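Trainee: I am new to this structure. Please take one chain and walk me through it closely, then show me what it touches.

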Amino acid sequence: MKGFLSLIDNLGKAVLRNVEEAGKILLLFFSVLSWAVRPPLKFKNIMKQMEFVGVKSIFVVVLTGTFTGMVMALQGYHGFRMFSAESLVGSTVALGMTRELGPVLTSLMVTARAGSAMAAELGSMRVTEQIDALYVMAANPIQHLIVPRIIAGIAMVPILTVVSDFVGIAGGYFVGVHVLQINEGLFLKNITKLVTLNDIYNGLVKAACFGLILSLVGCYKGFNTRGGAEGVGRATTEAVVLASISILVADYFLTAIMF
Amino acid sequence: MQDMIQLKDIHKSFGAQKVLDGLDLNIEDGQTTVIIGRSGGGKSVLLKHIIGLIRPDSGQVVVDGEDITKLNDKQLNEVRKKFGMLFQEGALFDSMTVGENVSFPLVEHTKMTDEEIRQVVAERLKAVGLTGVEGKMPSELSGGMRKRVALARAIALHPQIVLFDEPTTGLDPVLTEAINQLIIDTQRNLNLTCIVISHDIESIFRVGHKIALLYGGKIIEYGTPEEIRASKNPVLVQFLSGSTEGPIQIM
Ligand SMILES: Nc1ncnc2c1ncn2[C@@H]1O[C@H](COP(=O)(O)OP(=O)(O)OP(=O)(O)O)[C@@H](O)[C@H]1O
Ligand SMILES: [Mg+2]
């Protein structure tokens, strides 16, 4: 009985903790919104973050996108061959990439690369009192540090997703047409027939939401870091875990709404 | 003399640890007040109360006639524009160059042109004995250089009130003297109100118009350098002589 009660107790505490954290992240989001519409925007910081989140992630995104497209083509081929529908491989890859894998894989890669870096950077700024120094100089850390990162996240993840979609489909094309010898004309025709612009748009809306999630979580964890170098490490890990989970959960609900 | 800053009955605990315990202190306008006290005694915490980085559990912090513990963020920002602060560890922005660090308050709060800013930055850096370091990153500097850059940033705007958390710790004797002289000169020329935390006994007497001893969460001695030198307070005597014998326990 006692063990059971303490189980309930711990469960309740965990729920409370998570609800509280979700609330705090939401509050941070609102203050980011209010600072984002208040001039002056820090253009230099925004550009710097866009470069970091976007340009410097291209390589990993291209790599993961290409191989995902290639492996989808390979897997799809073995399935579709059973009922001689090999020509559907192309559209399967294209739909999979644009609707799902492009946005999700891209944002997971960006979470690992840039979301974690946001948490680490802001975390170390917190523990070395650089954030206090901003307050002291009457400069708002949300305006200076967080708004540029969130804008970069929302803007760059969709762009990276376009890249990922493209190289994924190209990878699928390469494997399908050149390795597996699927008829090129049918392969391409099915893609244009079955994939609509809406599939791509919706995928990009997802990507923008994921970009918001990963940058918001990264900034929140970093900004609220406590306790030295160890705290920075903890914040980084927590940011990656929380952002990844949130992205996958949000993906389900966004898909349910949009498709 | 008028009081620029008044701390009234400040209490502050972190968890079970009581750091400030009914502290009262008045900082006079246009003077340098030095705060001394044992390591871990709460000097940095006290300084952060003055600029509103830490809110007291109870008590008042009155800056220029305004109780800043009651202000919201926006009002507090206005008050902070009167301040410059040197953090104990410098707190330089490590993603920015030295030049960008020192120019930060100028870019934020003035309408100076790039050229004017460049000149002021070079001037402030020269005052702390650094030239040609504008393009370096803080991580490329020595500890003492970082401290001096942070000092240059703290006084970049010539604020009305400057808080120095151990400005000379970690500097060689020549630089220590130069920084003391810099604090004395800037304070005198611009009639600033300065608060300096220091462990360096010689600096204390050179820089301070008033000296305050923080011990047990309170200011237990306060006076001019002469009064402090003449004081018979056993804590103060032990502190100034650096003896291990006396009321200050090491453990
Ligand atoms: N943010 C904080 N959270 C918890 N405890 C803190 C915090 N800041 C300071 N303390 C505690 O308050 C006490 C006083 O710290 P403070 O930094 O003011 O000392 P100090 O007098 O400046 O010492 P030193 O001369 O070594 O710099 C220390 O015991 C420290 O552990
Ligand atoms: Mg200190």
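This is a predicted model: local features need pLDDT of at least 70, side-chain atom pairs count only at pLDDT 80 or more; totals for chains, interfaces and linings use all residues.

Mentor: Chain A has nine helices and zero strands. Read from the N terminus, its elements run α-α-α-α-α-α-α-α-α. The C-alpha trace spans about 65 × 60 × 30 Å along its principal axes. Of the 259 residues in chain A, 46% are buried.

Now pick one buried residue. Ser215(A) sits in helix H8 of chain A, which covers residues 197-223. Ser215(A) counts as buried because its relative accessibility is 0%, and the cut-off for buried is under 20%. What does Ser215(A) contact, leaving aside its neighbours within four places in sequence? Its partners are Met118(A), Arg149(A), Ile150(A) and Gly153(A).

Stay with helix H8 for a charged pair. Lys206(A) and Asp251(A) form a salt bridge, with the closest N and O atoms 2.9 Å apart. Lys206(A) belongs to helix H8 and Asp251(A) to helix H9 (residues 228-258) of chain A, so this pair ties together parts that are 45 residues apart in sequence. Both ends are hidden: Lys206(A) is buried, and Asp251(A) is buried too.

Compare a pair in chain B. Lys210(B) and Glu28(B) meet through their side chains in a salt bridge of 3.0 Å, N to O. Lys210(B) is in strand S9 (residues 210-215) and Glu28(B) in strand S2 (residues 17-28) of chain B, so the pair links parts 182 residues apart in sequence. Lys210(B) and Glu28(B) are both buried.

The side chains of Lys70(B) and Asp67(B) form a salt bridge, 3.0 Å from N to O. Lys70(B) counts as exposed because its relative accessibility is 63%, and exposed means over 50%. Asp67(B) counts as buried because its value is 15%. Salt bridges can also share partners: Glu21(A), Lys221(A) and Glu238(A) are joined into one network that way. Over all chains, the structure holds 21 salt bridges.

Next, the domains of chain A. The domain assignment gives domain 1 (1-34) and domain 2 (43-258). Seven residues of domain 1 and nine residues of domain 2 take part in the contact. The C-alpha centres of the two domains lie 27 Å apart. How much area do domain 1 and domain 2 of chain A bury between them? The figure is about 850 Å², with 82% of it on carbon and sulfur atoms. On the domain 1 side, Ile25(A), Leu28(A) and Val32(A) lose the most area to domain 2, together 60% of what that side buries.

Between domain 1 and domain 2 of chain A the count is one salt bridge. The side chains of Lys221(A) and Glu21(A) meet in a salt bridge at 2.9 Å, N to O. The residues on the domain 1 side that touch domain 2 divide into four nonpolar, one polar and two charged.

The contact draws 16 residues from chain A and 19 residues from chain B. The two chains bury about 1600 Å² between them, 57% of it on carbon and sulfur atoms. Three salt bridges cross the interface of chain B and chain A. Lys44(A) forms a salt bridge with Glu100(B), the closest N and O atoms being 3.1 Å apart.

Which elements of chain B give two or more residues to the side that touches chain A? They are helix H2 (73-80) and helix H3 (98-109) of chain B. H3(B) gives the most, with five residues. By class, that side of chain B has nine nonpolar, three polar and seven charged residues.

One last stop in chain B. Glu116(B) lies in helix H4 (residues 114-127) of chain B. Glu116(B) counts as partly exposed because its relative accessibility is 38%. Its C-alpha atom is separated by 9.8 Å from that of Leu106(B), ten residues apart along the chain.

Notes
Residues are numbered from 1 along each chain as its sequence is written. Chains are lettered from A and ligands numbered from 1 in the order in which they are written. Side-chain values use heavy atoms; hydrogens and water are left out. Domain bounds come from an automatic or database domain assignment. Contact means heavy atoms within 4.5 Å. Buried area is the accessible area (1.4 Å probe) that two parts lose on being put together, summed over both. A salt bridge is a side-chain nitrogen of Lys or Arg within 4 Å of a carboxyl oxygen of Asp or Glu. Ala, Val, Leu, Ile, Met, Phe, Trp, Tyr, Cys and Pro count as nonpolar, Asp, Glu, Lys and Arg as charged, and the others, Gly among them, as polar. Helices (H or I, at least four residues) and strands (E, at least two) are DSSP runs, numbered from the N terminus. Buried means under 20% relative accessible area, exposed over 50%, partly exposed in between (1.4 Å probe, protein chains only).
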